[in-house]
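Open the model in your viewer and keep the selection tool ready. The stops below go from the sheet to the loops.

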Amino acid sequence: MRLKALCMALSLLAAPGGALAQSKLDQFKKAAGNASKSTLEKKINTKLTEDARKNQCSFKSGTDVLEAGCEQKLKNLTAALVEAKKQLDAGGVKNYKFEVSGHTDSSGDAAKNKALSEKRAAVIVKELVARGVPRGEILAVGRGSEQPLVKPDDTAAKKAKNRRYEIQVRL
């Protein structure tokens with residue numbers, strides 16, 4: 001009886017309608033894989049956000065020059081990216097990029113802030129690459145004051161929270 005059921009199932013797959021069934025199965029597998037990748041992406045990005053917030057390096061005011069004392073923070077960020085890479089590889093994810101986005105407060109000229117935030121993000125990328133993150137897997141993006149953490153940033157403390165960089169994985 002089982003053999004008969006198996007033969008019937010195989011014949012259905014081989015029949016013209018079977019191609020449709022196989023196509024539906026492929027679509028289901030693809031959707032399941034995409035959902036799994038999305039879950040992994042969210043998990044990794046949550047961890048990367050936490051690590052970036054804990055390991056913020058300060059820049060000299062109005063420049064892309066790092067203040068002293070960032071060495072350990074940059075090592076921690078590198079370790080976070082290496083761990084994220086392991087999780088992505090284990091999940092079978094390929095063609096991803098780590099994005100370092102630079103952010104500023106709302107003081108000053110928006111165009112200058114955007115350019116400064118991109119330069120600062122590029123400095124962080126350069127430092128991470130120097131510590132072993134492959135250059136082809138990481139990019140710098142300047143966001144300026146477009147995505148503040150705190151609105152309005154009308155105090156020194158609020159402005160300081162908005163001057164930051166974030167790291168995310170993009171699939």
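Two strands pair if DSSP finds at least two bridges between them. Helices (H or I, at least four residues) and strands (E, at least two) are DSSP runs, numbered from the N terminus. This is a predicted model, in which local features need pLDDT of at least 70 and side-chain atom pairs count only at pLDDT 80 or more, while totals for chains, interfaces and linings use all residues. Residues are numbered from 1 along each chain as its sequence is written, and side-chain values use heavy atoms, with hydrogens and water left out.

Select the three strands that form an open sheet with mixed pairing, in the order E2-E1-E3.

Next, select strand E1 (residues 97-103), which pairs with E2 in the parallel sense over six bridges. Val 100 has Ala 140 in E2 as its bridge partner, and Ser 101 has Val 141 in E2.

Stay on strand E2 (residues 138-144). How many of its seven residues are buried (under 20% relative accessible area; exposed is over 50%, partly exposed in between; 1.4 Å probe, protein chains only)? Five are, so E2 is mostly covered.

Now go to the loop between helix H3 (71-90) and E1, and select Asn 95. Its phi is near 60°, a positive value in a residue other than glycine. Asn 95 is exposed, with a relative accessible area of 74%.

Last, select Pro 152, in the loop between E2 and helix H5 (156-162). The peptide bond from Lys 151 to Pro 152 is cis, with omega near -20°.
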